[in-house]
Amino acid sequence: MIFAVNEINKNPEMLPNVKLGYKIYDNCGTMDILRAALALVSGLKPEVSDSNCTKAETVQAILGHSGSRPTIAFEQVVGRFHIPVISHFATCACLSNRKEYPTFFRTIPSDYYQSRALAKLVRHFGWTWIGSIAVDNEYGLNGIAAFIQGAQEYGVCIEYSEAFSSSDPPESIQRIIDIIKHATSNVIMAFMSHREIKLLATELYKQNITGLQWIGSDAWITDHSLTDSEGHSILVGSLGFAVSRAQIPGLEEHLRRLHPSQFPQSAFVRDFWEDVFDCSLSDTTNTQRKPCSGFESLQNVESQFTDVSELRFTNNVYKSVYAVGHALDNLIKCEDGKGPFSTGSCADTKHIQPWQVLRYLSTVNFTTEEGERVYFDSNGDSPARYELVNLQMTNKGTMEGVTVGIYDASLPESHQFVMNDIPVVWGNGQTKVPVSVCSKRCLRGTRKVLQKGRPVCCYDCIPCPAGEISNLTDSINCMKCPPEYWSNSQRDACIPKAIEFLAYDEILGTLLAIFSLLGVFLTMIITLVFYCHKETPVVRANNSELSFLLLFSLTLCFLCSLTFIGRPSEWSCMLRHTAFGVTFVLCVSCVLGKTIVVLMAFRATLPGSNVMKWFGPAQQRLSVLSFTLVQVVICILWLTTNPPFPFKNLLLYKDRIILECDLGSAVGFWAVLVYIGLLAVLCFVLAFLARKLPDNFNEAKFITFSMLIFCAVWITFIPAYVSSPGKFTVAVEIFAILSSSYALLFCIFLPKCFIILFRPEQNTKKHIMGKTSNNDICH
């Protein structure tokens with residue numbers, strides 16, 4: 001402070017024709033500090049004899065104190081007299097309350113910013129489960145409260161929060177040691193002074209509790225006396241924020257010029273001098289030391305007093321003096337009409353009042369020689385700039401704070417905290433960042449589920465259900481996949497759903513295709529047998545023209561089942577149902593024609609009957625064509641109004657898409673089936689009536705049996721079709737087509753082929769006519 005005052009007084013550009021004076025109170029204890037404050041407020045006796053010097057009755061500013069508690073005590077007193085107080089080390093966030101402390105300023109950042117910075121530090125290293133200990137006073141309690149609030153905003157949970165004081169009984173400290181011992185967190189935030197942390201570290205060292213990662217506040221993280229404590233090794237690897245280091249040109253030379261004659265009343269200077277040079281300034285104080293000669297000099301002495309390499313809080317004192325100097329300089333250089341007071345007036349430089357200095361101090365804005373900008377916000381706080389310090393052991397066996405990062409609250413959020421490339425020493429003695437979490441991170445594919453009655457950092461990791469994913473770690477929700485996607489086995493990505501349809505390359509599709517082609521092959525074989533024996537009585541007696549047409553229609557029925565297999569397309573969907581409807585009507589029409597022919601033929605054998613001329617070959621062809629054309633018209637109406645189309649069924653199964661043919665118009669589909677059913681029932685009824693005709697016309701028995709199977713198949717098809725899921729719906733339809741086709745093929749043509757191939761003696765006109773005669777005799 002003296003150096004800065006002297007520097008300002010020598011600067012011709014600052015405070016021209018004005019010299020700064022000062023009064024130092026170096027008594028310790030809160031009561032002494034209050035007495036000093038009251039003495040400053042009550043006024044000072046003139047101590048300057050120069051008649052040209054005008055001295056104020058009261059001081060214009062008070063520098064100090066370094067502690068928050070004493071500052072809180074005396075600021076409430078001097079604040080009522082509007083005297084500005086500038087502290088270089090009182091960091092309690094409570095002092096930012098302008099209603100309680102209207103004249104308080106400080107050149108050190110508030111603990112609020114430090115607490116926020118410490119919370120970001122904890123988040124940066126991924127520590128979500130930590131303990132907190134504070135000194136039991138305004139500094140500790142306010143600081144730890146701000147830290148906990150900031151930490152919780154960043155998702156950090158506090159396992160425990162305790163407070164104690166260095167004056168507490170041993171039981172209080174032991175209670176905290178027991179809490180630390182049984183806690184599961186590995187990181188401890190210690191918001192306290194060097195006195196409390198020394199007590200805590202010593203006790204932990206005695207009980208061999210090691211491996212903890214300490215986070216320290218600026219009150220102790222760079223304190224040189226930590227090495228003197230018994231358990232200082234416990235604190236190696238600690239991290240914390242400290243005020244940035246600075247260079248003050250000329251300070252070292254000033255300190256080395258110190259001599260006891262400059263401060264004859266200072267106990268500090270006397271003790272320091274005697275300790276450095278091992279001599280005694282007074283014969284009565286220490287008879288074991290030689291008397292000091294008075295020519296001792298600090299020019300070549302290396303000590304902490306002359307070491308200016310770690311100027312942190314010292315620089316805050318330097319800035320405090322200059323802040324007052326610039327405020328007074330602005331006050332003296334005020335121009336009329338541009339002043340801060342009413343009507344733009346300026347202060348009377350001959351009678352400067354503290355409240356006037358207070359007004360100018362709030363608008364101070366200057367830059368030091370080192371390029372550091374100094375100003376105060378509306379709460380009297382300085383910009384929050386810190387260095388991240390890591391306590392490391394030096395070769396000399398002492399602990400030293402190594403700067404491993406910086407924090408600047410004036411920068412944008414993403415650039416406030418930056419780590420440099422200097423390796424960090426961790427409290428657990430390892431090279432990796434220690435882990436301190438209540439629950440391990442939830443991997444992708446899982447989500448958090450909070451544990452009942454515990455903080456939000458304690459949770460279980462539950463796999464996402466099928467169809468949902470989480471592609472981030474520590475996800476609290478699982479996201480549903482889009483309709484056409486499904487979750488993979490790891491539940492961390494949505495993949496396209498498998499598209500399912502009745503394909504040729506699967507067992508079911510292959511078997512159905514084989515049976516379909518087998519039906520075509522057997523039909524062609526039977527057609528070939530009938531064609532080669534078309535002149536034989538068995539073929540001629542059963543209407544060979546309708547037989548060949550029926551075989552052709554059965555071939556189409558077997559082939560149309562193939563259109564149901566494979567990937568549905570727009571054309572295949574329209575073809576499969578219409579082809580099925582038309583070919584089956586053609587088939588049943590042929591069977592119906594053959595049945596009618598049997599009935600007409602029997603009527604023609606009766607005396608005087610001339611029925612066959614009404615149902616000859618031309619009428620048979622016309623009936624088949626008419627019945628088929630009705631189905632063709634139904635299919636055309638279906639295709640023109642609302643035809644079938646390929647459709648992705650997303651509702652049947654959650655994990656796959658069923659590619660099927662939508663019927664389009666359900667009325668059209670059921671109209672096709674109902675028409676086939678009506679013809680089949682009519683054919684069955686007629687064949688049933690003709691089942692007991694003479695043996696040469698016994699084809700009606702086989703038609704009856706075939707139509708019985710046909711109707712049974714399609715009656716059972718309806719509930720099976722409706723209840724079958726996915727591709728099995730198509731398989732049921734193919735099965736119904738093949739089974740009914742095989743029933744017609746085998747029941748109507750197999751007995752005839754047996755006679756043609758294996759009973760040729762029965763394939764004669766005489767044999768057939770003989771049976772007829774016998775029947776006539778019987779009748």
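The radius of gyration used here is taken over C-alpha atoms, and the rule for a globule is 2.2 Å times the number of residues to the power 0.38. By that rule, a compact globule of 779 residues would come out near 28 Å, but the protein chain has 53 Å. Before going on, know that this is a predicted model: local features need pLDDT of at least 70, side-chain atom pairs count only at pLDDT 80 or more, and totals for chains, interfaces and linings use all residues. Residues are numbered from 1 along each chain as its sequence is written, and side-chain values use heavy atoms, with hydrogens and water left out.

**Stop 1: the whole chain.** Zoom out and show the C-alpha trace, which spans about 170 × 65 × 40 Å along its principal axes. Switch to cartoon: there are 20 helices and 24 strands. These are DSSP runs (helices are H or I, at least four residues; strands are E, at least two), numbered from the N terminus. Buried residues (under 20% relative accessible area with a 1.4 Å probe, protein chains only; exposed is over 50%, partly exposed in between) make up 48% of the 779 residues.

**Stop 2: Leu 15.** Select the loop between α1 (2-10) and α2 (30-42) and find Leu 15. Most residues other than glycine have a negative phi, and most peptide bonds are trans. Leu 15, though not a glycine, has a positive phi of about 45°. Is Leu 15 buried or exposed? It counts as buried, at 3% relative accessibility.

**Stop 3: His 65.** Next, go to the loop between β1 (62-63) and α3 (68-78), where His 65 sits. Look at the peptide bond from Gly 64 to His 65: it is cis, with omega near 0°.

**Stop 4: His 82.** Move on to the loop between α3 and β2 (85-87) for His 82. Here is another non-glycine with a positive phi, about 60°. His 82 counts as partly exposed because its relative accessibility is 43%.

**Stop 5: two helices.** Finally, select α12 (residues 507-532) and α19 (residues 727-758), which pack at an angle of about 25° with their axes 10 Å apart. So α12 is roughly parallel to α19 (angles under 35 degrees count as roughly parallel; axes are lines fitted to C-alpha atoms over the stretch in contact, with angles from 0 to 180 degrees between N-to-C directions). Show side chains for the contact (heavy atoms within 4.5 Å): among them are Leu 512, Phe 515 and Ile 526 of α12 and Leu 738, Tyr 742 and Phe 749 of α19.

Definitions and conventions
Parallel < 35°, antiparallel > 145°, perpendicular 65-115°, else oblique.
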